[in-house]
Amino acid sequence: MATPVLFLCAALSSLLSTAAAYRMPWERRMFDDEATGYGPVFEEEPQDLVYAEDNPDQRISMNCRVRANPPANIRWWLNNWEIKLLEQPDEYYSLVGGNLVISNPNKNKHAGKYVCVASNTYGTVISKEATVKFGFLDNFATEEREPVYVKEGQGVVLLCDPPNRDPYEVKFHWLFNDYPNFIEMDSRRFISQTTGNLYIAMVEAADVGNYSCFVSSPKIAKSVFSKPIPLIPQPGENPPKKYAADIKVKFPKTYALLAKNITLECFALGNPIPHIRWRKLDADLPPNYEVTMNGALLHLINIQYEDEGSYECEALNVKGKDWHRQWIYVEGPPEWASHINNTEMDVGSEHTMRCAAMGKPWPWIRWLKDGYSYGKGELKFSSLTFADSGMYQCVAENPWGTIYANAELRVTACAPTFEYNPMRKKLFGARDGRVVMECKPRAAPRPKFTWTKGKEKLANNTRYSVWLDGSLEILNATDADEGVYTCFAENDRGKGNSTGTLTITDATKIVSAPSDTEVLVGESITLPCTAAYDASLDLTFIWHVDHILIDFNTQGDHFELLLDRENSGDLLIKNALAKHSGRYYCTAQTVVDSVTVEADVLVKGLPGPPGGVMVEEVRDKSVKLIWTRGSEHGLPISHHIVQSRDFYAKDPDHWKVAKTSPVLLDRYATAAEVVDLYPYMLYEFRVVAVNELGEGEASWASKKITTWEAVPVVAPTDVSGFVGIDGELTITWTPIQPQFYYGKKCGYMVAFKPHENYDWGWATVPDPETRRYNHRDLHLTPGTEIQVKVKAYNSKGEGPYSNSSVVYAPEGVPTEQPLDVYARPVSATEALVWWIPVFQQPPLQWVDGYQVRYWRKYDDNEAAAQRIMVANDVNNTRLENMLPDSHYLIEVRAFNGIGLGPPSEHCEMFTRRPPPTRRLRLFKYVSWSGRWLYLSWDHIYSYWNESYIEGYKILYRQEGYRYGKLYTTGRHYIDFPYPETGDYVIEVRAHCEGGDGPIARVSVQGELAGDASTTQSLGFISALLLGILTTTAVNL
């Protein structure tokens, strides 16, 4: 153990000899330049190393660089035994500037754990352990490998049987016939980096050949490969027999390190080649995941603690599925939450050294002092001695690693000195008040204090008292207490003193104080504060609210300090907000004393936001919500409202009022059950309090939760279908909305059967967004009546079937044509078309829908006509993307699964002329009273090839919203009440039979004063005209 060291703080030279008289022979002192020394600090520590046994460079270097003053002595330990480098020469070891060099390394002598130890007069520290391993990779066995016979279409596993190695982590590849013809992995072939085996899901005739396992070790830069394995495919059934997915590569229970990347393997044999899907039970896959190799590899990147859980891979094909599930644990090496730092303490004082580390498993803490074990947990010193000086190391460790925090503790001693903190030469105290004179010399150990006034020594009594830190307190000060005061400090190292002069002044008093006040939100109020004080001093006013200082520079919008009256510092509260309620403190302060008065201000307004909104109990259609009541802001709360927002909310502000039990939540409510929720839906909730002024500010949103899963209750709609010319049955439906999925793995079960059959056939569709299913194995004869129905399912079960629909296998295409086709133009680019449907006569005459074609009579090729398909129960549709002022032909045909029926007679129609393309020019005027906004525009005349203008449309909406109030007028002006708050947009466009013209818009700011200087005058005559005109507004 290092010799105890005494460090002296700087002192007056006249006191050094006195301090030396108390020095013991064993105490080593540091003065002047030596006092700037410090203990060893590692700048580079040894690292783990893998040395290849056949490395041509017969040399290992372990680095250790240390900064210290005086320079440190470096030693090395191997497996807890010191390497005696200085006592006797060694043929293997040598020390080069602190680095340990091992020549001609030998596994039996030099493998193990190395530690660098650095020492100087201030103490000793040891480095973290560094492990030296001797890496090797043996050759494969020389025996010939047996050939493998397998039928085509079946799966096979070729075993690698890798040789012994260290380190264990290697890369596996497979050679096909000759080097370097490496096998590329795909959906059919997979190489496990855990076992090295080659998996072929479905063997083909082209797979015949010789296969060799190739192993490479990146750490030692060596590779070996096995004897070839002949693979001989055998002819099988034609076509090959199909068999279900069978998982052969299964990822094990895995312990992953925090913030690292891991890869999970899952591969299955099967015919057809199985498809692999990944999921995490009871949660989504982590955000930083990646699936590669056709699903065989799941990469979890930068894994976190919350990614821990059970993971599942599922392999499936048309013959069946298989799954594998295993737990992934996420743990982490120690990381410092707080650690020790270099510290200088007075001899005899108390001191505690502590450090904290995070990790999983939780790290345990131990201590080293000068390289030797020194305890666990916290280190507490009740009275420091010089022997406690030294280098301390806090060590945190768990199975995943060890970290060190190093610091030096110096225990110092010196005689009292006021050089750095002398007493103030001029001291002031208030008459009849309390005076405290500080005495804080630098000294170690703690000195004893005495005080004198002039030549009189002061003793503790009812008015005078000396505190433990040396300060002198005087109560009820009078003019007689004025004079010269001296503080004396003495310890076993020496003495010191400092002197100051005390003057008594008049006390400060408040003569006009604020009183308790109530105010409404938006109003202003003044709190008076006037003081009397000693005229020889300067007076300052300081305001606090609820003990928080008011900063008039940053809070000037609502607070102003009024200094217009003599000796006063009134507080003006402007445009009061509910948050300004509280207790206000006015402090009148001089350099001698201060006095404080207080008053309560209550700002009445809307209720404050409730707090702590949390979801306690989650079910499939309900949750239990709890919260804490918010501030009432001077008015009683009438009731509370619970609002919810689900995953499919249109925007962040789209909150809905939720149904609760009880329905009415009174002012004292702090919990409620939210009901009628969607199962398996992501929700967040908030609470709003209401009083007589309206709804207050909403609470912070709760943490997002997902309701439990439930069986679907909604069935798909519009179930229909058709039979194609090859007998293929196609069933169509409208999918259910996502909020009705009610659980994971949502899909559809499609049922179908010929009318005369008793048993239903069925198939599953795993995609909830799919709209159709094709059944290829059913051979239907013309004229067959088929019943179809669809239902939704999820991981919890199956929902109800839709109503059954009838589909016919037609004997041919429709034979009748639609009649009385009629079209009417709607605008320059759109038209409506109607027809009389074809009479259904199943199975002879069966119609699945109608095809509408339209093209320009003289300008378009009929083959390039635009087409629209509609269902068989629809006899009209809208035609879009037409050209203005054009002559169109329109044709309608019925169709079914076999083909199109005969066309209808052509219907001829002319689209309308387009509206004018010129934008309106707008003029804006605000009335003298500021209460009305007048808007006018120039008239636009139509050209010969444009539609006649029938009127104007005006949309008045708030900025940021798509919808508002729509007005129509035939005049060229309109007026609106000027908005008090908010920003608005007014859009004007011409309306014609051919459609609407381009939009002209103007913005309006809802601030009466802001627009007065920026309004555009229409002139005296225009203003007079607009003032007497009236406008009729029509909502469309």
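The briefing below covers salt bridges and then a surface patch.

This is a predicted model, in which local features need pLDDT of at least 70 and side-chain atom pairs count only at pLDDT 80 or more, while totals for chains, interfaces and linings use all residues. Residues are numbered from 1 along each chain as its sequence is written, and side-chain values use heavy atoms, with hydrogens and water left out.

**Salt bridges**
- The whole structure holds 56 salt bridges (a side-chain nitrogen of Lys or Arg within 4 Å of a carboxyl oxygen of Asp or Glu).
- R325 and E312 form one of them, at 2.6 Å from N to O, and this pair links strand β30 (residues 320-338) with strand β29 (residues 309-317), the two residues being 13 apart.
- R325 is partly exposed at 35% relative accessible area, whereas E312 is buried at 4% (buried means under 20%, exposed over 50%, partly exposed in between, with a 1.4 Å probe and protein chains only).
- R434 and E473 are also bridged, with their closest N and O atoms 2.6 Å apart.
- Because R434 lies in the loop between β39 (426-430) and β40 (435-437) and E473 in strand β45 (residues 472-474), the pair ties together parts 39 residues apart in sequence.
- R434 is exposed at 52%, while E473 is buried at 13%.
- E43, E44, R65 and R67 are linked in a network of salt bridges.

**Positive surface patch**
- K151, K241, K242 and K319 gather in a patch of positive charge on the surface (residues with over 30% relative accessible area and no salt bridge, like charges being joined within 9 Å).
- K151 is partly exposed, at 48% relative accessible area.

Conventions
Patches are made of residues with over 30% relative accessible area and no salt bridge: like charges are joined within 9 Å, nonpolar side chains (Val, Leu, Ile, Met, Phe, Trp, Tyr) within 5 Å. Accessible areas come from the Shrake-Rupley method with a 1.4 Å probe; for residues, only the protein chains shown count as cover. Lys and Arg count as positive and Asp and Glu as negative; His and the chain ends are not counted. The place of a charge is taken as NZ of Lys, CZ of Arg, CG of Asp or CD of Glu. Helices (H or I, at least four residues) and strands (E, at least two) are DSSP runs, numbered from the N terminus.
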